[in-house]
Amino acid sequence: MKNAKVGMTVLCQANGNMEHAFIGRIEKCYENAALVKILDYDPRDRFNVQDLIGRTVIAFNRMKKSTSDRLEVKNDQPLQKDVG
């Protein structure tokens with residue numbers, strides 16, 4: 001994602017800290033990554049979110065702009081969208 005800005009809502013891929021895709025809002029941009037506040041996540045990641053205190057750093061190439069601040073749900077399972 002080349003045009004990331006503070007305040008933008010993004011869909012992020014699973015990374016070393018989160019096991020499933022999640023929705024976040026960019027709080028701070030770095031050279032190749034951003035500090036993201038986690039807004040919505042797979043329930044299976046609830047302990048990871050607690051450990052991270054609701055924030056994580058994620059590379060720009062592991063996120064894309066989102067039009068929603070909620071994960072899409074199908075049959076009570078969040079969709080794992082292909083990001084990138």
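The following legends describe close-up views of a predicted model. In this predicted model, local features need pLDDT of at least 70 and side-chain atom pairs count only at pLDDT 80 or more, whereas totals for chains, interfaces and linings use all residues. Residues are numbered from 1 along each chain as its sequence is written, and side-chain values use heavy atoms, with hydrogens and water left out.

**View 1. The open sheet has five strands in the order E4-E3-E2-E1-E5, with antiparallel pairing.** Strands are DSSP runs of E with at least two residues, numbered from the N terminus, and two of them pair if DSSP finds at least two bridges between them. The edges are formed by strand E4 (55–59) and strand E5 (63–65), each of which pairs on one side only. Neighbouring strands of the sheet are turned by 45° against each other on average, direction ignored; the axes are lines fitted to C-alpha atoms, and angles run from 0 to 180 degrees between N-to-C directions.

**View 2. Strand E1 pairs with E2 and with E5.** Strand E1 (residues 9–12) and strand E2 (residues 22–29) are joined in the antiparallel sense over four bridges. Within E2, Ile23 is the bridge partner of Leu11, and Phe22 is the bridge partner of Cys12. The pairing of E1 with E5 is likewise antiparallel, and three bridges connect these two strands. In E5, Met63 is the bridge partner of Cys12.

**View 3. Both faces of strand E1 are covered.** Thr9 and Leu11 lie on one side, Val10 and Cys12 on the other, and all are buried. Buried means under 20% relative accessible area, exposed over 50%, and partly exposed in between, with a 1.4 Å probe and protein chains only. In a regular strand the side chains alternate between the two faces of the sheet.

**View 4. The largest nonpolar core has 14 residues.** Such a core is a set of buried Ala, Val, Leu, Ile, Met, Phe, Trp, Tyr and Cys residues joined through side-chain atoms within 4.5 Å. Val10, Cys12, Phe22, Ile26, Val36 and Met63 touch the most other members. E1, E2 and strand E3 (33–41) each supply at least two residues of this core, and E3 gives the most, with three.

**View 5. Cys12 is buried, whereas Cys29 is partly exposed.** The relative accessible area is 0% for Cys12 and 30% for Cys29. A search of the whole structure finds zero disulfides, a disulfide being a pair of cysteine sulfur atoms within 2.5 Å.
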